[in-house]
Amino acid sequence: MRCAQVAPYLAAASDELERATARSVREHIDECSACRAEALRYGRIHDSIMAIGAAEPVPPTGLVDAILERTAPAHRRSMIPFVPLPTPELARAISENREAIANTAGVALVAAGAAWALWRGFKAVRRPAPNRA
Ligand SMILES: [Zn+2]
């Protein structure tokens with residue numbers, strides 16, 4: 001194998017290559033110092049990336065204090081009151097009993113009107129008639 005044939009496989013891990021391809025690349029690397037150096041370079045890059053991925057991130061010093069300072073009471077947002085949405089059960093009950101609810105509302109409206117008319121009539125009876133002398 002020539003260097004140009006091996007070059008595309010130098011960055012690959014040995015378990016990523018088909019067995020015959022990996023053997024050919026390994027044989028070339030054993031004999032070619034330039035490709036061996038390139039393969040080692042890729043290996044170091046691979047190891048560095050794996051180390052970064054495995055490292056537990058450490059927050060920078062002062063981060064916690066900065067967060068606490070920013071979330072001090074003066075910076076906190078107050079919650080906006082909201083009207084609670086009806087539960088799905090309530091919405092379903094309303095939609096299934098729409099006619100009964102309308103009838104009840106109609107009866108209540110008529111009763112309120114009758115009560116108002118009675119009250120008006122009662123007030124008229126109690127009020128003394130205007131003098132027409
Ligand atoms: Zn080579």
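Ala 20 counts as exposed, because 8 C-beta neighbours lie inside 10 Å of this residue, where exposed stands for 12 or fewer other C-beta atoms within 10 Å of a residue's own, buried for 20 or more, and partly exposed for what falls in between, with C-beta atoms placed from the backbone. The model is a predicted one, in which local features need pLDDT of at least 70 and side-chain atom pairs count only at pLDDT 80 or more, while totals for chains, interfaces and linings use all residues. Residues are numbered from 1 along each chain as its sequence is written.

**Overall layout**

- The chain has six helices and zero strands, these elements being DSSP runs numbered from the N terminus (H or I and at least four residues for helices, E and at least two for strands).
- From the N terminus on, the order of the elements reads α-α-α-α-α-α.
- The radius of gyration of the chain is 43 Å, whereas a compact globule of 133 residues would have one near 14 Å; the radius is taken over C-alpha atoms, and the globule rule is 2.2 Å times the number of residues to the power 0.38.
- The C-alpha trace spans about 135 × 45 × 25 Å along its principal axes, and 5% of the 133 residues count as buried.

**Domains**

- The domain assignment, which is of an automatic or database kind, gives domain 1 as 3-54 and domain 2 as 97-126.
- Between the C-alpha centres of domain 1 and domain 2 there are 90 Å.

**The nonpolar core and its surroundings**

- The largest nonpolar core consists of six residues, namely Val 6, Tyr 9, Val 25, Ile 29, Cys 35 and Ala 39, a core being a set of buried Ala, Val, Leu, Ile, Met, Phe, Trp, Tyr and Cys residues joined through C-beta atoms within 7 Å.
- At least two residues of this core come from each of helix 2 (19-31) and helix 3 (33-54).
- Leaving aside residues up to four places away in sequence, Tyr 9 touches Leu 17, Thr 21 and Val 25, where contact requires C-beta atoms, placed from the backbone, within 7 Å.

**Exposed positions**

- Ala 37 is part of helix 3 and counts as exposed because it has 12 C-beta neighbours inside 10 Å.
- Helix 6 (residues 98-126) reaches 42 Å from its first C-alpha to its last, and it lies largely in the open, since the number of buried residues among its 29 is zero.

Technical notes:
The expected span of a helix is 1.5 Å times one less than its number of residues. Two residues are in contact if their C-beta atoms, placed from the backbone, lie within 7 Å.
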